[in-house]
Structures are given as structure tokens and as C-alpha cells.
Amino acid sequence: MSTKREILFSISGMSCAACAARIEKVLSRLPGVIEASVNFAAAKARVVYEPAKISPEEMIKAIQEEGYELAPAVSRKETTVVAIGGMSCAACVARLEKALGKLSGVLEVSINLASGRARIVYDPEITGISNFRKVIEDEGYQFLGLSEETQTIAAGAEEARLAELKKRLLVAWLLAPLIFLLSMEKLFPFVSRIPLILRFYLLFLLATLVEFYAGWEFLRGALKGLKHRTADMNTLVSLGTLSAYFYSVVVTFFPGPFLSAGLPLHVYYDSAAMIIAFVLLGRYLETRARGRAGEAVRKLLSLTPPMARVIRGDREVELPAEALLPGDVVVVRPGERLPADGLILEGRTAIDESMLTGESLPVEKGPGARVIGGTLNLYGVFKFRVEKVGRETVLATIARLVEEAQGSKAQIQRLADRVAGVFVPVVLVIAAVTLAVWYLVGPEPKITNALLSFVSVLVIACPCAMGLATPAAVMVGTGRAAEMGILIKNALALEEGAQVEVCVLDKTGTLTHGKPEVKAVFPAEEYSEEDLLRLAGALECHSEHPLSKAIVKAAEGLELPEVKGLTAIPGKGLSGEIDGQTVLVGKPNWVKAQVEVPKALEEKVLEEASSGKTVVLVAYAGKAVGFLTIADVLRPEAKEVINDLKALGLKVFMLTGDNQATAASIAKELTLDGFMAEVLPEDKAQKIRELQEKGQRVMMVGDGINDAPALAQADLGVALSSGTDIAIESADVALMRADLRLVPWTVKLCRATLRIIKQNLFWAFGYNVLAIPLAAGVFYPFFGWRLSPAIAAAAMALSSVSVVTNALRLKKLSF
């Protein structure tokens, strides 16, 4: 089978649209070129070709012969999320993805039926929003705008749609039971007192209202499909109900041919009405459930207050929050939410950040602290300087990333997409075969049995369940994760997170706080701990090294002597003079080479160093006077997290640049399965690759600072963020607070989401595989099993609702 590739070229030398047409014609005629399109305005050519038959160099040469220059373009990529209205099933998704994907410059399209959102990756130099809008509307759907700008519009459209569905649903359920009653004279004998022809006329009037008012939702969709020569769920429902309806109309108004042929006068207005009532009920419940599935993002965006109190001169002025600019000074009072991101200038307070980070405890803030828009000020009045507004804020970034994740597709969804693309045409063929078989070889009355079986097949088939199985679970799963402080950036990350076998944790800043602390002070005889800290602190306060800062912090509150002639020896230590005597502070080997070290002190130094701690030796006046041990403190939850990960069946390793002794000490304390020590930052990705080459799926957890390549290499990259830096590009998952407990929670949530997806797909496929043959009457010759159209409609409605309801169980997930 030949493979296809797409390449984008930049063109120079074109002077008019005729040049573009000429180049397009030349490219299209080249052997191996499947499709070529030239954009004169952007000076770009998009070519789809077969690499086995032609190379890009041959295309370049062909165009050069025409007098133009062609070069592979460095395409820019932008991603946008578009809100779309009017999609009803998986067939709509497949149709629209195909139409958008054909646009020149569109690199990737994925549409989430559950959220009504399309995630489009495109080259902005070639195409843009106006083109997307045109394609969406040409296909018969509603373009509701860019998602981040239209949350209110989309929510309003959703409410209006629910209200409209509710009205039609009320009409259907007021009239359908009455139609059913008038049609069932055997169940309700008193109905036979009404003359048959009058009863038929009454049924016609009532059924017409149900068919063309309550059922207009389906008829309108089917007409759009007919216009574009496509078929979807609306086509199936409309064809089924109209078949029953118009057959009944013919019997009502033209009974002669039936009487002449000796056929009984049966009408099926009740089938048409009950189908519409049940399917409409299913669509209403499904729309409500889908609204609940997407409420996580709406909740996030609703946190920003509408107004802000801004300092203008010497007074406070209330302005709309969207009018804020970077540099504005805003006053926040107790109980108010922050309108933007910024830096506290005056005042102290405690801020509730739980809605963003999942952390329930308030965070104390003072001057110099960063604050996040949408968070709640609990007490105290403070002023802060605005730094980020609008879509640049942490809140908007989280909402945008969550929406992009909800618009992405998991690998497991591809089978459902392929089936959905051909599902409706296949069902139409099966329905036609069913009609023919029942009419030709079925029992009497043949026409009645054929019609009812035909209608049952059409209405029981449910492309909705297949279309919603994965997107609904992804949508709820990513929304629930965001509420817990876990930002999952795409559906593939959910899938990978459920399948990881090995967890590799970076040490510094991940397993530890990343801030070394003095653990112990060991003075020699005749010296106290304070003496040692004074000597070390006096020299180290002039250095910016992390170990120096740890020593200075330990010496806080002590009076430090003056130092003269300070000299820094890179990688070894510091030297200087205090009271005319030389002081050395640094690595033991460097200090020992210059001064005398008592034997007892040297033995103690070796003992502490072998336990994995960093030793800093201090000498004064030619003699070692003691040493300090420094270590990066483990996070208090580290051991608990390692145990949780092991309980999930994962092997846990540590990756660090520390020496073997230090790494071994930490690995023993945390009971790790293994460790990789003395690894340089640039080699971390290689270590991940080595694990993957052994056939293991690897999750890498780091802080995103010097381990970005390793995060990108891993099957699942997880970055601990500060809550203000959640857009770490190299990570698939960003944890919105520096809490390691979120790591096992991430794995659990991914596994739960994948489990729901598999349940939904099993149900969606299993339902259709069993329901369609049952409706077609395949089991009738063996067991006498058949389905009436009304029961088929109820089953179809239940199928799509159950898939969304199952996905909503993820909202209650807690650990």
C-alpha cells in the first residue's frame, strides 16, 4: 500500500494569480503528486504526494524550470479551539473533521462531540478562523466562535437549546401517549366506540404535530445532511418515522388499494410518535449530561470577578476587570476574588487557592508574593500590581489547556472514528435488506412486518453512543483532574498515564525541596557550634552558591566578624582573614591539603560523608576547627508517595546528579527500586531512553527546569509547578502545586478514565452489534424475538444517555 505525505513549500517569483494557477497545474501533473494547491497571498504551495514515486527535490526542479523558486517552508503552528453547534452524533464529527482537514494549511483536526469543540492545529500564514467558519457553516453547523472568547455565548446557546428541546419534548409526551391509546383498541376496548375513519383523522392530526413540530429537530438535521449528501443519526430517525407516518397517511386518506388487495387497514402513527418522544427524551437528557461534563472549565472562568478596584491618583476607582492593564495597582478587600495575576505591594493576607491548585489550606501572602487571578482573599486588605491580564493569566491558561485536552483524541478512539465514518450508510443498507427480506419471505402481513422491522433497524442504531464513548470520559476526566490540581494537557496523556510501568523521579526539587539545609554542626574541642557558624557564615555570606545560602541561613541571628582578603576557589571553597588569621571553608580534601585535621575529626568527616551528606570543613589559624553537614531535605510526603506508587504496581527509580553515596543513602531511606546517580542534566533523557529500550513505559517526574528533555522523552512527562508556571511545554501533565501526592493521584485518575472509556466503547459497540440484528428480526425464526419501533427508540435513547452518565461518575472520583 502506498504511503502519502504532505509538504509545504514557500514560493518566490509569483506576480499574479495566473502564476499561482500555473504552478498548481505543473505540480498536479507530476507523477506521484496526489494533490497540489497554491495560495498566492501567502506565497505557499501545499503538496500531497507519494514518496515512492517523487521527491521534494524533483518538485523543486520542475518549478524552477518554469521560472519560479520553490523551497520547503518552515511552517508556523497555531492551535485554536472553536465552539460548534448542531452536531448530534459521531457521523457529524467524522464529516466535519474531514471537511476541515481538507483546508490548505490545516495540520490537525480533532472534534469532541461531548463538548461541541474543535481543536484545530494550522499554519496561520495559509488559513485562519474565517476559513474555519465558512467550512463549518457550509456543512450545515453553527460556528459559535473561538472557545475562550465564547464561554458565555456557548453557555447561552446551550441553555437556549435545552429550553427549545424541552418545549418540543413536552409536546411529544403530551400527544404521544394519547396517540398510543387511540391506536391500541385491543388494549383499550373503549377506543373502538370511535368510528375508525374519525379515529384515523384524529391520529393524523396529533401525529402531524409530533412529527413536524416535536420531530423538527431530526427533520432539520436530515435535510442538512441531504443537502450535503451525507447521512447521520437524524437521517436514520427521520427516515424511520417518516416511513411509518406516510404509510399511515396513505392508509388514512387512500384506503381503496389496501381494501382491494384484502389487506387490513393498520396505521402506525403511534410508532412514529413514540419514536420521536423516546429519542427526543434521550437527546434532552444527553444534552443536559453533556453540559454537566463541561462545567469544570465554566467554573474556572466564572471565578474572575466582573469589577476591580483600581488606584487612580489618590483615589480608588471601580473598573471592569477586562479593562485592567499590566502595571495597574488594585486594592483587594476581605472576601473578594482577585481580578488578575500580580505581585503584592502592600499588606498581608491569607489566600484560598483551592479552586486552582486543589490545596485546601489557605496560603499566607505578603509584599513580594505572587497572586493569581480568581483566587479568594480571606482576610486583610492589600494592594497588588497587575502583571498579567485576560488570556495571559494563570486561570485563562488553565482553562485553555484543559479545553485543548478535551478537544484532543486518544488512540483508543480511532477505531470508533473509523466505524462512525461508515456506520450510517451501513445501517441504511441493513435496513433496506431487512425490508426486502421481510417483504419477500416473511410471514403475513408481509408489508406490515417489513415496514416495522425496517423502522426498528433505523431507529435502534446508535452512532451517538460510539461518538460520545471516549470524548465524554476525556472531558470529565480532564475537568476532574483540573479541580484536583492536575493539569492533563491531552487525551494521549490520559492513555499513557494509565499504562505506565516505571516511575522515575528527579531528586532535586522533586523528591526534595531543592533548598539545601544545614543538618548538623560538629565543632572540634574548644569551639562551640556558634563559633563554627560565625566563622563559616562570615565567609559564605559573600557567595551566591546554594550551599553558602544554607550556611548563612543557619547563622542567622549571630554577629558575623569582618572578613578581609576574601578569595573564592571555584569548585573547592572560600578563604579569607578574620582577626589576622586565615580561615578556610570548603571541601574536606581541599582544606585538609592546607591545614592539620585532628584524627577524631577526620574519622567523623568520613563517617558523615559516607552517609550521603555534603560535608563543609572549616579551618582557622592553620587547624581544622569543625565541619557542617548539609543535605537537601526530602519532602515530608516523599516516602508515602513512593509506597503509593509501588502499591499501584509501578517500579520507582530516582534520577540525580549526586554522587553514588548520597543517592544510595536516599534510595535506602525511601525504599526505592533503584537509582541512577552522577547523571548530568543533558544525559537524563538518555537514561529514560534506556529504560524504554527495555520495553517499559516510563513516567518521568521533574520540576521542568533542567529536566525538560527527560520529560519530553518519557511516555508521560509530569512537572511539579509552582502554580504560576503551569504551561511547561515539555510536560504532558503539570501539577499545579508542589505536592508529590498528586503523582499517584494522576496515575489513579488516568486508570479510572481509561477504564470508563473501555466500558463505554464496549457498551456502544456491543449494543449496536446485538441491537441491530435483533431489530432486523435475525432471531425471529429461532426464538420468535422481535422489537417494536417504540421499544427500539427507547433502547437507542438509553444507549447514548448511559454512556454520558457512566462518564459522569468520574466527577465523584476522590483519593
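How many of the 21 residues of H8 are buried? The answer comes under the helix heading below.

## About the model

This is a predicted model, where local features need pLDDT of at least 70 and side-chain atom pairs count only at pLDDT 80 or more, while totals for chains, interfaces and linings use all residues. Residues are numbered from 1 along each chain as its sequence is written, and side-chain values use heavy atoms, with hydrogens and water left out.

## Helix H8

Of the 21 residues of H8, 16 are buried, so the helix is largely enclosed by the rest of the structure. Buried means under 20% relative accessible area, exposed over 50% and partly exposed in between, with a 1.4 Å probe and protein chains only. Helices (H or I, at least four residues) and strands (E, at least two) are DSSP runs numbered from the N terminus.

H8 covers residues 233-253 and reaches 30 Å from its first C-alpha to its last, close to the 30 Å expected at 1.5 Å a residue. That expected span is 1.5 Å times one less than the number of residues.

## The nonpolar cores

Now to the cores: each is a set of buried Ala, Val, Leu, Ile, Met, Phe, Trp, Tyr and Cys residues joined through side-chain atoms within 4.5 Å. The largest has 147 residues, and Leu-100 and Met-699 have the most contacts inside it. Helix H27 (residues 742-776) gives the most to this core, with 16 residues.

## The open sheet

Six strands line up as E10-E9-E11-E17-E12-E15 in an open sheet with antiparallel pairing. Two strands pair if DSSP finds at least two bridges between them. E10 (315-320) and E15 (370-371) stand at the edges with a single partner strand each, so one side of each has no neighbour in the sheet.

Further in, four bridges join E11 (residues 329-332) to E17 (residues 382-388); Val-330 has Phe-384 of E17 as its bridge partner.
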